[in-house]
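Welcome! Please take a look at the sequence and the structure below, and then let us walk through the inside of the protein together.

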Amino acid sequence: MNILIKSACIIDSNSSFHKQTVDILIKDGFISKIDTNITDTTAKEISFENLHVSSGWFDPSIAFGEPGYEERETLLNGLKTAALSGFTHIGLQPNTNPTVDNSSTVHYLKNYPHTYATQIEPIGTLTTKGEGVDLAELFDMKQYGAISFGDYKKPIKNPNLLKLALQYTQSFNGLVQSFPLDINVAGTAFVNESLNTTQLGFKGIPSLAEELQIARDLYILEYTSGKLHIPTISTKKAVALIKDAKVKGLNISCSVAIHQLLFSDKDLEAFDANFKVMPPLRSEEDRLALIEGVKDGTIDIITSDHCPIDIEHKKVVMHQAKFGTIGLESAFGVLRTLFDTELIIEKLNAGKSIFDIENPPISEGSTANITLFNPEGNHTFSLSDIISTSKNSVFLGNTLKGNVYGTVSKSNMTLKSI
């Protein structure tokens, strides 16, 4: 299929057409021509109000459910959700049943048949079955397309296991993820330890639980070398620790979840289980430090940390509810209330270099990999905006800014009906 995108403002610092409003002609999956007033009667014409385009966005922390938890989300509907939310690549977490701990499962996910404009980039477990005991088939999974290795939301309790993983993966340029939580300090608590949560009657997880784990991991990384990614940090001290590690020259990257940038533990006062996330929502001071960490470059990536949970496990009392919120559909709209468009695009694409994913610029001859959006206009996020099977969104009722129209990837396009 040939595609003609009309009157689009390109936001791509790697393109010679950056900030220019042009037409983009796509033929056989490649950008054939960029110019003003292109005409092609063989092409499907795309035109939207205040249309902007950028290189397709990447989110490195997406959970669906299938196989094993299809009631939460299927692969097919999850990919549709991601594509309509502006993401052409997603790092799919391995918390399924069975877990993604072998090359055959990675191969299946990497080649999952669908027609949506989103590519699955599988994340393999670091350990067999995600049990934290023995390293999984890391090399084999890498050969079949795994972009990194980590046990989703589970810390690496054994420091020697992390040491071995960092040493071993250097032989094939593998990326290790380590979730920032010392489980011995955190115990069974599920919210931040603060005056706010104490007054609500909750036992809390101190910031120390995150910071101790990060400090340990950075010390091991300094000893071993290798590549380490710390997903979804949540505290002011965590930002400082990673900033210092980067000054030392360590190969360290990190991400922050969008909900950590918008909410704090004060938002738990409604006892809404959608606000039960991991890491927990922290203090207002932590939230502001995370925003500053995004702006100064300490935090490399912003993720939706999309985690669908079915109603039976979410619409219950707080201590019984599972952790997680969906975030794909609201991602861009929330970020536009916090940051300017260019910084958002930078943070939604920065993960590609870290996770070794191709990032073609919007230029003639490049593979078509494009997100279409409008950075302006306010709207209230409601249930009708949710495409996911599960509806556990912490953002319901919030005013968002901007609108995503969809995605184009090679010859596939997934667009909203506006």
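The largest nonpolar core has 81 residues, and those with the most contacts inside it are Ile-233, Ile-252, Leu-261 and Phe-339. A nonpolar core here is a set of buried Ala, Val, Leu, Ile, Met, Phe, Trp, Tyr and Cys residues joined through side-chain atoms within 4.5 Å. Buried means under 20% relative accessible area, exposed over 50%, and partly exposed in between, with a 1.4 Å probe and protein chains only. Helix α8 (residues 236-248) gives this core its largest share, five residues. A second, separate core of 20 residues includes Ile-31, Ala-368, Leu-372 and Tyr-405.

This is a predicted model: local features need pLDDT of at least 70, side-chain atom pairs count only at pLDDT 80 or more, and totals for chains, interfaces and linings use all residues. Residues are numbered from 1 along each chain as its sequence is written, and side-chain values use heavy atoms, leaving out hydrogens and water.

Let us stop at Leu-261. Leaving aside neighbours within four places in sequence, Leu-261 is in contact (heavy atoms within 4.5 Å) with Val-256, Arg-287, Leu-290, Ile-291, Val-294, Ile-302, Leu-335, Leu-338 and Phe-339.

Ser-264 lies in the loop between α9 (258-262) and α10 (284-296). Is Ser-264 buried or exposed? Its relative accessibility is 4%, so Ser-264 counts as buried. Not counting residues up to four places away in sequence, Ser-264 touches Leu-281, Arg-282, Ser-283, Glu-284 and Arg-287.

Now for the rings. The count comes to 14 aromatic pairs, where rings of Phe, Tyr and Trp (its six-membered ring) pair if their centres lie within 6.5 Å; planes under 30 degrees apart count as stacked, over 60 as edge-to-face and the rest as tilted. Two of the pairs are shown here.

| Pair | Centre to centre | Angle between planes | Type |
|---|---|---|---|
| Phe-48 and Tyr-405 | 4.2 Å | 10° | stacked |
| Phe-263 and Phe-395 | 5.7 Å | 35° | tilted |

Phe-48 counts as buried at 17% relative accessibility, and Tyr-405 counts as buried at 3%.

Elsewhere, Trp-57, Phe-87, Phe-332 and Phe-373 form one aromatic cluster.

Note on methods:
Helices (H or I, at least four residues) and strands (E, at least two) are DSSP runs, numbered from the N terminus.
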